[in-house]
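Here is a short briefing on one protein chain. Keep the sequence and the 3D view open as you read.

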Amino acid sequence: MFNIIIFLIGAGIMFYMAWRSWSRRRKLMTRGEKVEATVAGTVRSRDGEAYLLEFTTAGGTHRLHYPKSAKGRELAQGAVVTLYYDPDDPAEMYVEGDKSVLGAEVLYVVLGIVLLVLMVGIVR
């Protein structure tokens, strides 16, 4: 019985993580600011390598660091990307078409399903 509870909790956590990522991305795309940003280059940050994205709004020019995915597509310097961000918290952002974010959501769902299948195997 204890194993069933552990697998249910694990699957629940995975489904919650997928929902939270999807929800944040959808919120940024529907309520956040949509801008065209230029890739000014790459920088080293405390979290690793990141793209430096620049864009201009009525409030001035902004420069944000967007984490560089290890396996995602490379963004060339000077490329223009569509960026959704929260003006109240610019660290909350999403570059349209970022496959690493979508891949993480799919991975969470798959892991949740695997945990449920393993739980059913234990119950039998």
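In which loop does Gly78 lie? Gly78 is found in the loop between β3 and β4. Keep in mind that the model is predicted.

- Gly78 counts as partly exposed, because its relative accessibility is 46%.
- Glu54 is 24 residues away from Gly78 along the chain.

- Strand β4 covers residues 80-86.
- Five of its seven residues are buried, so β4 is largely enclosed by the rest of the structure.
- Strand β1 (residues 33-45) is joined to β4 by six bridges.
- β1 and β4 run antiparallel.
- One place to look is Ala37, whose bridge partner in β4 is Val81.
- β4 is also joined to β5, by four bridges.
- This pair, β4 and β5, runs antiparallel.
- β4 and β5 make a hairpin, with two residues between them.
- Find Asp86, and you will see that it stands opposite Asp89 in β5.

**Aromatic rings**

- A pair of aromatic rings is described by two things, the distance of the centres and the angle of the planes.
- How many aromatic pairs are counted? The count comes to three.
- One of them is Tyr16 with Trp19, a tilted pair.
- The ring centres of Tyr16 and Trp19 are 6.1 Å apart, with 35° between the planes.
- Tyr16 and Trp19 both belong to helix α1 (residues 2-31), and because they are three residues apart there, about one helical turn separates them.
- Tyr16 has 44% relative accessibility, so it counts as partly exposed.
- Another pair is Tyr84 with Tyr94, which is stacked: 6.5 Å centre to centre, 20° between the planes.
- Tyr84 sits in β4 and Tyr94 in β5 (residues 89-95), ten residues apart, so this pair links distant parts of the chain.
- Are the two tyrosines, Tyr84 and Tyr94, buried or exposed? Tyr84 is buried, because its relative accessibility is 6%. Tyr94 is buried too, because its value is 5%.
- Tyr94 has a further contact: the charged end of Arg25 sits over its ring, 5.8 Å from the ring centre.

**Salt bridges**

- The model holds four salt bridges.
- Among them is Glu49 with Lys68, where the closest N and O atoms are 3.9 Å apart.
- Glu49 lies in strand β2 (residues 48-57), while Lys68 lies in the loop between β3 (60-67) and β4.
- The pair therefore ties together parts that are 19 residues apart in sequence.
- Glu49 counts as partly exposed, because its relative accessibility is 35%.
- Lys68 is partly exposed as well, with a relative accessible area of 24%.
- Lys68 also forms a salt bridge with Glu74, and here the closest N and O atoms are 3.3 Å apart.
- Glu74 has 55% relative accessibility, so it counts as exposed.
- Shared partners join Glu49, Lys68 and Glu74 into one network of salt bridges.
- Glu54 forms a salt bridge with Arg63, with the closest N and O atoms 2.8 Å apart.
- Glu54 is partly exposed, because its relative accessibility is 27%.

**The largest pocket**

- About 790 Å³ of space lies in the largest pocket.
- The lining of this pocket is made up of 28 residues.
- Tyr66, Pro67, Ala91, Met93 and Val101 are the lining residues closest to its centre.
- Which elements give two or more residues to the lining? They are α1, β2, β3, β5 and α2 (99-123).
- Helix α1 gives the most, with six residues.

Definitions and conventions:
Residues numbered from 1 in each chain as written. Predicted model: local features only at pLDDT ≥ 70, side-chain atom pairs only at ≥ 80, totals over all residues. Heavy atoms only, no water. Phe/Tyr/Trp six-rings, centres within 6.5 Å; stacked < 30°, edge-to-face > 60°. Buried < 20%, exposed > 50% of the residue type's maximum accessible area, 1.4 Å probe, protein only. Lys NZ or Arg CZ within 6 Å of the ring centre and 35° of its normal. Salt bridge = Lys/Arg side-chain N within 4 Å of Asp/Glu carboxyl O. Pairing = 2+ DSSP bridges. 1 Å grid on protein atoms, 1.4 Å probe; cavity = no way out; pocket = protein on both sides within 12 Å on 5 of 7 lines; lining within 4 Å. Points joined across faces, edges and corners; volume = space filled by probe spheres on them.
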